[in-house]
Amino acid sequence: IGNIYEHIIFDRRIKDVSTFLQSGAFALGSNYKSCLSLKKSVEVSNLEACNWSCKRELLIKIGGFDVVFLKGLGDYHEADAALQIKRMGYKLIFNPKVALSHRVEIGEVPLARPAPFYRIQNFIIFYFRHFDLIAFNKPKAVLLFFVNLTMQNGYYLYKFFKTREINQLGAIVGTFVGICRVIVKKLFLKI
């Protein structure tokens, strides 16, 4: 399982800085101390959570953060906004010299984490919005997406067996709901 996670889903690039990979996973390099050894700022394909900023006008221009991602942990609304800004022609930059103190509200994040029904939907909606998969002309991308999706569902299934919390099974239902939402939106609403 570790090999699938590191070598297939993360394409051996887990420590790359703020990079989206073909599987839909994003490399976690900005979370490691090694990113501080970079000599200068680098262009990236993801801006992570509280670790990014932009001009207010750009957020207004894209319509702000999309509320579709607010259920669960609020996964992907920052990355979605960043990629919309990138699509307008702006660069996403990681600066290793910027420091911040991340003070997470005690109790709020753990309460949101067990919302797999919404978290898996956030992933699916985000992936289909920003990755070229709909045409299915990229068999490797399709395979990587489904391996990632299967691993995520496997994790929640494991959590269910470990904790007996029925809400962990919400990921399986959320997968079908998320895929249906994407199909309806892409095929019937042509958005």
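Modeller: The account below begins with the whole chain and then turns to the core and the elements around it.

This is a predicted model, in which local features need pLDDT of at least 70 and side-chain atom pairs count only at pLDDT 80 or more, while totals for chains, interfaces and linings use all residues. Residues are numbered from 1 along each chain as its sequence is written, and side-chain values use heavy atoms, with hydrogens and water left out.

The protein has seven helices and two strands (DSSP runs numbered from the N terminus: H or I of at least four residues for helices, E of at least two for strands). Read from the N terminus, their order is α-β-α-α-β-α-α-α-α. Of the 191 residues, 38% are buried (under 20% relative accessible area with a 1.4 Å probe and protein chains only; exposed is over 50%, and partly exposed lies in between). Among contacts (heavy atoms within 4.5 Å) with a separation of 6 or more, 65% join residues 24 or more positions apart.

The largest nonpolar core contains 29 residues, and Phe123, Ile124, Phe126, Tyr127 and Phe145 have the most contacts inside it. Such a core is a set of buried Ala, Val, Leu, Ile, Met, Phe, Trp, Tyr and Cys residues joined through side-chain atoms within 4.5 Å. At least two of its residues come from each of α3 (77-87), β2, α5 (116-130) and α6 (139-163). Helix α5 gives the largest share, seven residues. Apart from this core there is another, of five residues, including Ile9, Ile14, Leu21 and Ala25. In soluble globular proteins, nonpolar side chains tend to be buried together.

Helix α5 is mostly covered, with 12 of its 15 residues buried. Among them are Pro116, Arg119, Gln121, Asn122 and His130, together with the run from Phe123 to Phe128. The ends of α5 agree with expectation, because its 15 residues should span 21 Å at 1.5 Å a residue and its end C-alpha atoms are 21 Å apart (the expected span is 1.5 Å times one less than the number of residues).

Beyond its neighbours within four places in sequence, Phe126 touches Phe20, Phe69, Tyr76, Ala79, Asp80, Leu83 and Phe131.

Phe20 belongs to the loop between α1 (2-9) and β1 (42-44). Its relative accessible area is 12%, so Phe20 counts as buried. With neighbours within four places again left aside, Phe20 is in contact with Ala25, Phe26, Ser45, Asn46, Ala79, Leu83, Phe126 and Phe131. Its C-alpha atom is separated by 9.2 Å from that of Phe10, 10 residues away along the chain.

Helix α6 has Phe145 among its buried residues, along with Ala141, Val142, Leu144, Asn148, Leu149, Asn153, Tyr156 and Phe160. The 25 residues of α6 should span 36 Å, which agrees with end C-alpha atoms 36 Å apart. Just after this helix, Arg164 adopts a positive phi of about 65 degrees.

The C-alpha atoms of Phe176 and Ile124 are separated by 9.8 Å, although the two residues are 52 apart along the chain.
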